[in-house]
Amino acid sequence: KRVAVLISGRGSNMNSLISAAMHPDYPAEIALVLANKPDAGGLAKAEEMGIPTAVVDHRDYKGDREAFERAVDEILRTAKIEIVALAGFMRLLTPFLVNAWKDRMLNIHPALLPSFKGLATHERALDEGVKIHGATVHFVSAEMDDGPIIAQGAVPVLDDDTPATLAARVLSVEHQIYPKALALVASGKARLRDQRVATGAADA
Ligand code: GRF
């Protein structure tokens, strides 16, 4: 399956997806990396790894979110993309793109959804005093951080954790679960049944 990874920043999750997809038996190929910012650090990394890149600068669409998304969608279709993986892509999507890629668009969120939707998840986890935190890969739905869950990874919260130390521990779990989750979707193993995802694997 041809996959596009959408980024806004350094692209560490993009990096782990590209590395995983290099294995000959991986059921997906990263065919494109697209950023909404021309200075996204991940672009250089993708080019280094021989992956075609594209930039659609959201600032060129002066707040017309749907126009921005139509430009993105055009590039995805031209590249014959079949699955979209949002990875540190910091733009809220309108129903236009969400519906255009229904059940074919994934996102990774740095928390155990449905806990801690939105931003600053590690600070909030520490403020709440949770003992277990983690990351979630889910299908993208019209509501932010709310689609059917495909995979999760848990990490302990330590007494002396700061947002930075906790974020680093979660990020390393993100890098493990995203390649697995994408493989489940690309291989057809992840089946959507009434808004819940059966993956056929105990540990997705
Ligand atoms: C990560 O915490 C990820 O969960 C969130 O964006 C952050 C940066 O991701 N979606 P990356 O390093 O750009 O992949």
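# A walk from Ser12 through the model

Ser12 touches Leu171 and His175, leaving out residues up to four places away in sequence. This is a predicted model. Ser12 sits in helix α1. Is Ser12 buried or exposed? Ser12 has a relative accessible area of 19%. The cut-off for buried is under 20%. Ser12 therefore counts as buried.

The residues around the ligand are Arg10, Gly11, Ser12, Asn13, Gly88, Ile108, Pro110, Leu171 and Glu174. Notice Leu171 in that list. Leu171 is also one of the residues that Ser12 touches.

Now look at individual atoms. Start with Arg10. An N or O atom in the Arg10 side chain lies 2.5 Å from an oxygen atom of the ligand. Asn13 uses its backbone instead. There, an N or O atom is 2.7 Å from a ligand oxygen atom. Ile108 faces a nitrogen atom of the ligand. A polar backbone atom of Ile108 is 3.3 Å from that nitrogen. How much of the ligand does the protein bury? Taken alone, the ligand exposes 360 Å², and the protein buries 86% of that.

Go back to helix α1, which covers residues 12-21. Asn15 lies in this helix too. Its relative accessibility is 25%. Buried would need a value under 20%, and exposed a value over 50%. Asn15 therefore counts as partly exposed. Which residues does Asn15 contact, beyond its neighbours within four places in sequence? They are Lys45 and Met49. Asn15 can also be set against Ala87. The two are 72 residues apart along the chain, yet their C-alpha atoms are separated by 9.7 Å.

Next comes strand β1. Val5 has its place here. Is Val5 buried or exposed? Val5 is buried, because its relative accessibility is 0%. Its contacts come from several parts of the sequence. Setting aside residues up to four places away, Val5 touches Met14, Leu17, Ile30, Leu32, Val33, Leu34, Ala85 and Ala87. Asp57 gives another distance to check. Val5 and Asp57 are 52 residues apart in sequence, and their C-alpha atoms are 15 Å apart in space.

Which residues of α3 are buried? They are Phe68, Glu69, Ala71, Val72, Asp73 and Leu76. What covers them includes β1 (2-7), β2 (29-35), β4 (83-86) and α4 (95-100). Just after α3 comes Lys80, with a positive phi of about 55 degrees.

Finish in strand β5, residues 105-109. His109 has its place in this strand. Is His109 buried or exposed? His109 counts as buried because its relative accessible area is 3%. Which residues does His109 touch, not counting those up to four places away in sequence? They are Phe116, Lys117, Gly118, Thr121, Gly134, Ala135, Thr136, His138 and Asp145. Look again at Asp145. The side chains of His109 and Asp145 make a polar contact, at 3.4 Å.

How values were computed. Residues numbered from 1 in each chain as written. Predicted model: local features only at pLDDT ≥ 70, side-chain atom pairs only at ≥ 80, totals over all residues. Heavy atoms only, no water. Buried < 20%, exposed > 50% of the residue type's maximum accessible area, 1.4 Å probe, protein only. Helix = DSSP H or I, 4+ residues; strand = E, 2+ residues; numbered from the N terminus. Contact = heavy atoms within 4.5 Å. Near = heavy atom within 4 Å. Polar contact = N/O pair within 3.5 Å; in protein donor to acceptor, adjacent residues only side chain to side chain. Areas by Shrake-Rupley, 256 points an atom, 1.4 Å probe, with all protein chains shown as cover.
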